[in-house]
Amino acid sequence: MKIDWAALGSVFGVSLVATVALVGLFTLGVVGLGKQEQAAAAGGSAPLARTGAWACFALCAAAVAYGIYLIVV
């Protein structure tokens, strides 16, 4: 049995980048929700923080759905 190390490294690299990006995007969403509460308490613009947070969560959901799509199809 011969292992294609280049392909294995490529899969590892793409998986690592995708995981870090997805976790980072989710973290931005959580931070955005936290900023929403701070902005509302200070009298600032809470809708912008909320919209950004929900956009991050929507992108996370889209990435997960695309991953499931790639597995199923």
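Here is a short exchange about the aromatic pairs and the nonpolar surface patch of this predicted model.

Trainee: How many aromatic pairs are there?
Mentor: Good place to start! A pair of aromatic rings is described by the distance of the centres and the angle of the planes. Ring centres have to lie within 6.5 Å to pair. By this rule the count is three aromatic pairs.

Trainee: Is the pair of Phe-26 and Phe-57 stacked, edge-to-face or tilted?
Mentor: The two ring centres are 5.2 Å apart, with the planes at 50 degrees. Stacked needs planes under 30 degrees apart and edge-to-face over 60.

Trainee: Which helices does the pair of Phe-26 and Phe-57 tie together?
Mentor: These partners are 31 residues apart in sequence. Phe-26 lies in helix α1 (residues 5-42) and Phe-57 in helix α2, so the helices tied together are α1 and α2.

Trainee: Is Phe-57 buried or exposed?
Mentor: Buried means under 20% relative accessible area. Phe-57 has a relative accessibility of 15%, so Phe-57 counts as buried.

Trainee: Which helix gives the most to the nonpolar patch?
Mentor: Happy to turn to the surface! The patch includes Leu-22, Val-64 and Val-72, and has about 970 Å² of accessible area together. Val-72 lies in helix α2. With seven residues, the helix that gives the most is α2.

Terms used
Residues numbered from 1 in each chain as written. Predicted model: local features only at pLDDT ≥ 70, side-chain atom pairs only at ≥ 80, totals over all residues. Heavy atoms only, no water. Patch = residues over 30% accessible without salt bridge, like charges linked within 9 Å, V, L, I, M, F, W, Y side chains within 5 Å. Areas by Shrake-Rupley, 256 points an atom, 1.4 Å probe, with all protein chains shown as cover. Salt bridge = Lys/Arg side-chain N within 4 Å of Asp/Glu carboxyl O. Helix = DSSP H or I, 4+ residues; strand = E, 2+ residues; numbered from the N terminus. Phe/Tyr/Trp six-rings, centres within 6.5 Å; stacked < 30°, edge-to-face > 60°. Buried < 20%, exposed > 50% of the residue type's maximum accessible area, 1.4 Å probe, protein only.
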